[in-house]
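My entries follow the order in which I looked things up.

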Amino acid sequence: MIDKEILENTFKQITESKTERLITGFNDLDSVLYGVEKGSLITISGRPSIGKTAFMTSILYNFLKQDKKCLLFSLEMSISRYLKRLIAQVGEIELCSLNNNEFLDDRKKEKIKTALDIISSFDLSIFDDTYKLDEIRNKIEAEKPEYVFIDYLQLLETPRKKQRSEAITNIMLDLKQAAKENNCIIFINSQLSRALETRYDKRPTLSDLKESGDIENISDVVLLIYRDEYYKAYVDDEDYALNKGKAEIIIAKNKMGAICTIELLFRSPIAKFLEPIHYDVF
C-alpha cells in the first residue's frame with residue numbers, strides 16, 4: 001500500500017505547486033510538451049543535414065533569451081565553428097558570410113559585433129573537447145544548468161569491449177540519471193538509420209532510431225525532423241515550391257502528453273527554425 005503522506009504530497013503538487021513549464025519558444029510544440037518536467041531526457045533525431053543542430057540551437061537560443069542557464073557539449077564542431085551558428089541565428093546573418101569574409105561588408109560586421117555582445121550576456125557554457133560521459137556528468141554537476149544540450153549521441157566515447165548497441169543504451173541510462181539527479185532537462189541529438197531512405201515516404205518513425213531501440217525506450221520525448229525540400233532540393237516542380245522552407249517536427253514519443261506533428265519554418269541561409277507564418281483570410 002502506498003504511504004498516505006506520499007499520496008497527500010502528490011495531491012498538493014498537482015493542485016497547489018506552480019510547475020515551471022518547458023518553453024522552447026515554439027507555441028505548438030510547447031502546448032504538446034506541457035507536461036515535460038525537470039529530470040527529463042529529450043532526443044532530437046533526423047538524417048544528416050536535415051537540421052538537427054539548427055533545431056537544437058534554435059531551442060537553445062530561445063532558452064537563453066529567457067535568461068536560462070544552459071550547457072552545450074558540441075562534439076562535432078569546435079566552439080568557434082558552433083558560435084558562427086549562434087551568431088547567424090542571433091544576428092540573422094547568412095552562414096556563408098560568416099564562413100567567407102569576402103562576403104562581409106561594414107553593415108554585416110556591425111551586425112556580428114551586436115550579435116556577439118548579445119551572446120556575451122547569455123548564461124551559456126560550451127565545451128568542444130568532452131567526449132567521455134563521466135566528464136559530461138562532472139561538468140553538469142559543477143555548472144548546475146537548467147538545460148543541457150549534447151550534439152550528438154553517436155560521437156560520445158564508448159567502451160571498446162561492449163557492443164555498440166549496449167554502449168548506447170548505457171549512455172542513455174546515464175544521461176537520464178544525470179538529468180534526474182541534477183534537476184535539469186537534457187536534449188541530445190541522434191542519428192537515424194539509413195533504412196528510411198529506401199522508403200517512398202521518407203518521414204522518420206521511432207523504428208528508424210539508429211543502433212539501439214533503447215534510445216526510444218529511455219527518452220521521455222523523441223522529436224523527429226522532416227523537411228520535404230531536403231529530399232526534393234533539385235526537383236523543379238510545384239510541390240517543391242509549395243513546401244520550400246517548411247519543416248515538420250514529429251513528436252513521436254511524449255511520456256506526459258500527446259504525439260502529433262507540428263509545422264515550423266526553416267530558414268536555411270541562417271540555419272534557424274522559426275514559428276510558421278499564419279495569414280488571416282478575409
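**Basis.** I worked from a predicted model, in which local features need pLDDT of at least 70 and side-chain atom pairs count only at pLDDT 80 or more, while totals for chains, interfaces and linings use all residues. Residues are numbered from 1 along each chain as its sequence is written, and side-chain values use heavy atoms, with hydrogens and water left out.

I found nine strands in an open sheet of mixed pairing, ordered 3-2-4-5-1-6-7-8-9. Strand 3 (124–127) and strand 9 (272–274) are the edge strands, each pairing on one side only. Strands here are DSSP runs of E of at least two residues, and helices are runs of H or I of at least four, numbered from the N terminus. Two strands pair if DSSP finds at least two bridges between them. Strand 8 (residues 260–267) pairs with strand 9 in the antiparallel sense over three bridges. I noted Phe-266 opposite Phe-273 in strand 9.

**Gly-46.** I located Gly-46 in strand 1 (residues 41–46). Gly-46 has a relative accessible area of 0%, so I recorded this residue as buried (under 20%, with a 1.4 Å probe and protein chains only). Its C-alpha atom is separated by 5.2 Å from that of Ile-225, 179 residues apart along the chain.

**Lys-108.** I located Lys-108 in helix 6 (residues 106–120). Lys-108 is also buried, at 14% relative accessible area. Beyond four places in sequence, Lys-108 touches Ile-93, Glu-94, Ser-97 and Phe-103, where contact means heavy atoms within 4.5 Å.

Methods. Buried < 20%, exposed > 50% of the residue type's maximum accessible area, 1.4 Å probe, protein only.
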